[in-house]
Amino acid sequence: GKVRAPTHIISTISDDRGEEPCYAGVPMSSIVEKGMGVGDVISLLWFKRSLPRYCTQFIEICIMLCADHGPCVSGAHNTIVTARAGKDLVSSLVSGLLTIGPRFGGAVDDAARYFKDAYDRKLTPYEFVESMKKKGIRVPGIGHRIKRGDNRDKRVELLQLFARTNFPSTKYMEYAVEVETYTLSKANNLVMNVDGAIGTLFMDLLAGSGMFTKQEIDEIVSIGYLNGLFVLARSIGLIGHTFDQKRLKQPLYRHPWEDEWRANEDFITYIGQK
Ligand code: ACO
Ligand code: LMR
């Protein structure tokens, strides 16, 4: 009888064996003819289904709003230093991407996880925040280096406005707003940040769209899809910073000595105190 050759790789998101490539079964021509956008392509390749327009629009807004946040943030700083060291585009890009993590841009999945869990367990904001404090875990999605209670993050406001206007429910994000009210009563920098807004609103999108089973939502949360939105978005800005440095013919970066002297003086003071 026939013997099937063993499968080396199993892949289920795209297929290039036909006349034209397909994303989750949708042919390229149909993507172009129907005027689909990058939000639709992300829906097909990440979630393996076509999502309603308000969902793909939300994904696109996340990508646009997180594309860049100036040269001073961790990722852009690394990219700029790398580009100025004469490295190529890919090296400069990944150098910036490597800073994305629990403190910077990579708190989206954890924000989704912790806020969903707290909401589903009906914890009050006080119970949630204080239980995190007891465990020594910072609330993901809360806190910012420069944003404050009296200087909110415009990106968060724009995402909230879009979702309140277009989503069937924003229960997880509204819960995060209640948590933010409590954290702001503790310190003025403990605002909801863009990771918190995207994480909680994506939970609202998944639950409210009716397109995902509970099991699929749990899988998305446990695998951790959502930091991908920030990684993808910020790549746009990091690529831009690389080109910018090259265009400006910036020389090798060297950190000002004064900083090091100050660090040494602190060290001497510290040793002196011992
Ligand atoms: N939850 C609880 N307490 C917090 C949080 C938080 N999320 N963030 C800061 N604090 C507390 C700190 O424990 C500290 O208290 P202490 O002085 O009693 O120890 C105080 O607030 C100040 O902390 P700093 O470290 O000075 O705050 P910083 O401005 O450096 O932190 C940061 C900013 C890294 C974003 C922080 O708020 C944090 O870790 N948040 C959670 C992770 C997160 O959401 N990151 C995404 C940020 S948005 C983005 O990157 C696109
Ligand atoms: C960002 O989007 O990069 C920022 O919110 C992080 C920062 O440090 O400002």
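Trainee: So rings of Phe, Tyr and Trp (its six-membered ring) pair when their centres lie within 6.5 Å, with planes under 30 degrees apart called stacked, over 60 edge-to-face and the rest tilted. Which residues form one aromatic cluster here?

Mentor: Phe47, Tyr54, Phe58, Phe162, Phe167, Phe202, Phe212 and Tyr225. This is a predicted model, where local features need pLDDT of at least 70 and side-chain atom pairs pLDDT 80 or more, while totals for chains, interfaces and linings use all residues. Residues are numbered from 1 along each chain as written, chains are lettered from A and ligands numbered from 1 in written order, and side-chain values use heavy atoms, leaving out hydrogens and water.

Trainee: How many aromatic pairs does that rule give?

Mentor: It gives 15. Take Phe47 and Phe202: their ring centres are 5.8 Å apart and their planes at 20 degrees, so this pair is stacked.

Trainee: Where do those two lie?

Mentor: Phe47 is in helix 2 (residues 38-47) and Phe202 in helix 10 (residues 194-208), so the pair ties together parts 155 residues apart in sequence. Helices here are DSSP runs of H or I, at least four residues, numbered from the N terminus.

Trainee: Is Phe47 buried or exposed?

Mentor: Buried, at 4% relative accessibility, and Phe202 is buried too, at 1%. Buried means under 20% relative accessible area, exposed over 50%, and partly exposed in between (1.4 Å probe, protein chains only).

Trainee: New topic: what lies 2.8 Å from a nitrogen atom of ligand 1?

Mentor: A polar backbone atom of Val139. A polar side-chain atom of Asn193 also lies 2.8 Å from an oxygen atom of ligand 1.

Terms used
Polar contact = N/O pair within 3.5 Å; in protein donor to acceptor, adjacent residues only side chain to side chain.
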